[in-house]
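Here are my notes on this one, as numbered points. Have a look at the chains first, then read on.

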Amino acid sequence: MSEIYSPVSENELSDFVKQCFADQTSIEITGHSTKPIGRFIETSKILQLKKLDGIIEYFPEELYIKVKAGTSLKLVESELDKKNQELVFEPADLGHLYSGKSNPGSVGGAVACNLSGSRRFKVGALRDHILGIQGVNGKGEVIKSGGTVVKNVTGYDLSKLIAGSYGTLLALTEIVLKVHPKNEECQTLLINNINLEKALSFFLKSMQTSFEISGACFYPQNMSKFFKLNDLDTSTSITALRIEGPKISVTERINSLKNVFDEYKKNISILENYQSRIFWRDTSDLQFFNNSENIIVKIVLPPTYVNKFINKFENEDLKYVVDWAGNLIWCEVPKGDSVLLRQLRKQIIIFNGHMTIIKAPNHVRIREEFLTTVDENIKMLSLKVKESFDPKKILSPGKMYLEI
Amino acid sequence: MCALAMPVVDEVILNLKDKIVRDLKKFTNLNNVIFDFDEVTPYETDALSAYKQKPMVVVLPENTEEVSNILKYCNQNNIKVVPRGAGTGLSGGALPLKDCVLLGLSKFNKILEIDFDNRCVVTQPGVTNLSITKAVENNEFYYAPDPSSQIACSIGGNIAENSGGVHSLKYGTTTNNVLGVEIVLMDGTIMRLGGKKIESEGYDLLGLITGSEGLLGVVTEVTVKILKKPQSIKALLLGFQSVEAAGQTVSDIISAGIIPAGMEVMDKPLIKATNDYSKAGYPLNVEAILIVELDGTESEVNVLIEKVDDVAKKNDATYIRISKNDAERMRFWLGRKAAFPAIGEMSPDYICMDGTIPRKKLPEVLKEITKLSKKYGLRVANCFHAGDGNLHPLIMFDSNIKSELKKAEQFGADILKYCVKSGGVLTGEHGVGIEKRELMCEMFNDDDIQQQLNIKIAFDKNSLLNPGKVYPILHRCAESGKMHVHKGENKFKDIPRF
């Protein structure tokens, strides 16, 4: 078993890493240890950031919150809620996926994984909402970048680089996140019983309107059974389009949108505010794969290729849900089926997309590539970037690629 | 000629100029290599025109392969390269070096693909920001970042500077709107980061490149996302008897849960200057005006206009006008958009500063600027992207009066230091370049800067791409932010410095 260390201050953390740097001791960095994402690695020590917690400052009128990296996302979201604000990128609560119950983990963990919810295609990813970071690099030095303001081009934007780096560059200590006023109203236009191809064409059509769609997902038949919403018909496929904003405007846009798909009016229904919010929260939280024992992958590719891609696997009984207006496919692969996993990866490369393994048994995390990157030049540059932060490669080594 | 300390000129390279010119002609059309002393004059400065330096040679490649071959050659032969887009940058990021190859991207001027289905445009980097919107506006789409130089600035330059504009609060800056690039590293390596898909995996190298001021690579192709135009856009023109009231209104609008598409504050000197220049019809008996632009569906905009109107009244606005049509809305903006030429009419020279501050600090920072204006005996007018806290003080001076440029620069530096002290940053959208290089230590310590320099080395091991920009040279942050360079020499020259 690796030795677990949970520093209570940035100074302690810095001293710890300095010592590990001197001894060349490898460290796996975790937040609350809720998301076993990335290649399976074994390090001498585990650095948990959960005791570096607490909100440092929150200024609703300045639209930012500054927290210590180990602060729980739940706490942040409940503080923001008191001021009718939110993290607009809808950080996923992957506790449902990993353990069958809510456990969203820490802000630092969310940043390290750069996971964003259903609004992704409209408001950007988590990485678009980090204003500044501070953390300890592989030499034990405290490094900062960014600030608390939206417009800032002073020096390289390290916040973006750190988001999605899975703890391989810095042990985060402080994070400044942009916050956003909550939308007054949320409604969802549901179209039942259409196929994926049709759903994608509806996404396309609705994106060409000025109705500011903020969610667009497709549940094939049998994938939505977990929902327990009065007004949701889960007996067929579901295509869902979300509209948010001031109530009067939402109602107006939903009605206009309905007219766009008039020929399908028999299949159309509207999910009201309360149920809509549950629907999209559950979608972002991957409730459709709740506590799955299989391999869960995230596939990103240009929307125009999604249907062709899925068709390649029509004989495979692939379980999937499409989100982000056709930019994202969540997919379940039986845990023993390495062949299928590799076929998926092969096709994704052909379609200019990428696949990330989000959940898998440890033996799969050891054996299979976590990411898809094929360009050796990019891998080489990534390695150099890694070494610029962590010259002895002691921070979560091998988490992203075998050598990074 | 610039008085700033720049990287040491490599006399060996300068002596090899004829050979270098001959070699460069092998990589591209002969006419694309410009080396005559007079003919390189148009490239001697960017929009920070107080600093000038003719490059050794200018090369204007026509495709990615040429860029790659040129960079590889320069890397192998230890020749510095300064990349240049449209040359509209305000911080001297494209200022040439005496011994450099200036790599101009002006021939990369074609839009390659418009893909409405995937809502993106693939373009060469020399295409202007505005022409992307022009290319898609017939289908009611647009490209969101709109720096004031959008008619002339190139999209490649926008990537280098992470350009913003007046709509950044709601729509983000370049980094939030770019999907992919093709980039050539100093050693000639060509790579594609991102593309038409919405996001990439692995390290966010695209995010790192954006705003890196041409220090990490040369962008040869860009994919940006395009947005559907909002159904309705309206604006309010509000006048207040104090800057504090205007500032409070901005805070209250955001506290009311409204994110306007744009919010701009101008102070009294600027109101008068822009009104005289553009006849925008601004109220002149106020201390500050605030323009608030709202977009969305018709009914949404109407609801928001009403809410903003309420907030303005609560903050004792003495002038409230809501645009009745697009022509009137454009008139509200007319003066604001003419801010620079208006100041140009008032003063033979001016410099434009670019700090960002927390919105609530606006009155405090403006008071300090007034104090500094008296101290330096130079006039100043202020415009403020209030939505995102980006402040542009315009410092007026006369370059014919000896020492006024220096005084203006010191005044500007003091403003930026105060921005940092107030919780803000040195530059919101113009970049660090050479202009704010020596101020970096106001925000960053030695470790921070060394980390950034280490990243630079990861991309460009010999530090040949755009050297002398962004990061302070020849001193440590622990020392003072400025140093006196006399005859190219500084004190303690044997101390290792960056």
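1. Lys151(A) pairs up with Asp388(B) in a salt bridge, with the closest N and O atoms 3.5 Å apart. For a salt bridge, a side-chain nitrogen of Lys or Arg has to sit within 4 Å of a carboxyl oxygen of Asp or Glu. Between chain B and chain A the count is eight.

2. Bear in mind that this is a predicted model: local features need pLDDT of at least 70, side-chain atom pairs count only at pLDDT 80 or more, and totals for chains, interfaces and linings use all residues. Residues are numbered from 1 along each chain as its sequence is written, chains are lettered from A and ligands numbered from 1 in the order written, and side-chain values use heavy atoms, without hydrogens and water.

3. On contacts (heavy atoms within 4.5 Å), 85 residues of chain B meet 80 of chain A. Together the two chains bury about 6,800 Å², 55% of it on carbon and sulfur atoms; that is accessible area (1.4 Å probe) lost on being put together, summed over both. Ile198(B), Glu201(B) and Tyr203(B) supply 13% of the area chain B buries against chain A, more than any other three residues.

4. What about the inside? The largest nonpolar core holds 219 residues, and Ile175(A) and Phe459(B) are among those with the most contacts inside it. Such a core is a set of buried Ala, Val, Leu, Ile, Met, Phe, Trp, Tyr and Cys residues joined through side-chain atoms within 4.5 Å, buried being under 20% relative accessible area (1.4 Å probe, protein chains only).

Terms used
Buried means under 20% relative accessible area, exposed over 50%, partly exposed in between (1.4 Å probe, protein chains only).
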